[in-house]
Amino acid sequence: MQRKDGTCYLCKKLYMGDWIQPTHEHHIMFGSADRKLSEHYGLKVYLCLGHHEMSKEAVHEDKEMNLILRRDAERAFIKKYSFEKWMEVFGKNYLDEYTPERRKYGYKSND
Ligand SMILES: [Zn+2]
Ligand SMILES: [Zn+2]
């Protein structure tokens, strides 16, 4: 999802900050089995230490931050594979646009 270039995925996304800083590799679908799947499907990003685990905005501390990444990961995955495959692999939907009711009428991506 992101090339390793010394920038933080969340600093960039939230604050347009693209400065070079020390980063950690973060597996978005962390958790025992899912970590391997994250690696396999390339669902990982680079985060500054604050956004990784050392602040209130850290993905391992803050549910909202974690959700931002999981939604991006799900969208990227669906673009490449499909929603059905996402559910098959990870078993949990994070996107509002994929509620069962809406899926019945078909989904069109805007981006
Ligand atoms: Zn950051
Ligand atoms: Zn992590």
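1. Histidine 52 counts as buried because it has 23 C-beta neighbours inside 10 Å; the term buried requires 20 or more other C-beta atoms within 10 Å of a residue's own, exposed means 12 or fewer, and partly exposed lies in between, with C-beta atoms placed from the backbone. The residue belongs to helix α3 (residues 49–52). Helices (H or I, at least four residues) and strands (E, at least two) are DSSP runs, numbered from the N terminus.

2. On the basis of the note: this is a predicted model, in which local features need pLDDT of at least 70 and side-chain atom pairs count only at pLDDT 80 or more, whereas totals for chains, interfaces and linings use all residues. Residues are numbered from 1 along each chain as its sequence is written, and chains are lettered from A and ligands numbered from 1 in the order in which they are written.

3. Leaving aside neighbours within four places in sequence, histidine 52 is in contact with His24, His26, Leu47, Ala58, Val59 and His60; contact here means that the C-beta atoms of two residues, placed from the backbone, lie within 7 Å. Asparagine 66 is 14 residues from histidine 52 along the chain, and their C-alpha atoms are separated by 9.8 Å.

4. The protein contains 6 helices and 2 strands, in the order α-β-α-β-α-α-α-α from the N terminus on. Of its 111 residues, 23% are buried. Among contacts between residues at least 6 apart in sequence, 42% join residues at least 24 apart.

5. The strands β1 and β2 run antiparallel and are joined by 5 bridges; strands are taken to pair if DSSP finds at least two bridges between them. Histidine 24 has leucine 47 in β2 as its bridge partner. Since 5 of the 5 residues of β2 are buried, this strand is largely enclosed by the rest of the structure. Lys44, Tyr46 and Cys48 lie on one side of β2 and Val45 and Leu47 on the other, and both faces are covered. In a regular strand the side chains alternate between the two faces of the sheet.

6. The largest nonpolar core has 18 residues, of which Cys8, Tyr9, Ile28, Leu43, Val45, Leu47 and Ala73 touch the most other members. Two or more residues of this core come from each of α1 (9–15), β2 (44–48), α4 and α5 (83–90). A nonpolar core is a set of buried Ala, Val, Leu, Ile, Met, Phe, Trp, Tyr and Cys residues joined through C-beta atoms within 7 Å.

7. Helix α4 has 18 residues and reaches 26 Å from its first C-alpha to its last, close to the 26 Å expected at 1.5 Å a residue; the expected span is 1.5 Å times one less than the number of residues. Its buried residues are Met65, Leu69, Ala73, Glu74 and Phe77, and they pack against α1, α2 (32–41), β2 and α5.

8. Arginine 70 is also found in α4 (residues 63–80), but is partly exposed because 19 other C-beta atoms lie within 10 Å. Neighbours within four places in sequence aside, arginine 70 is in contact with Ile28 and Tyr94.

9. Methionine 16, in the loop between α1 and β1 (23–27), has a positive phi of about 55 degrees although it is not a glycine. With 7 other C-beta atoms within 10 Å, methionine 16 is exposed.
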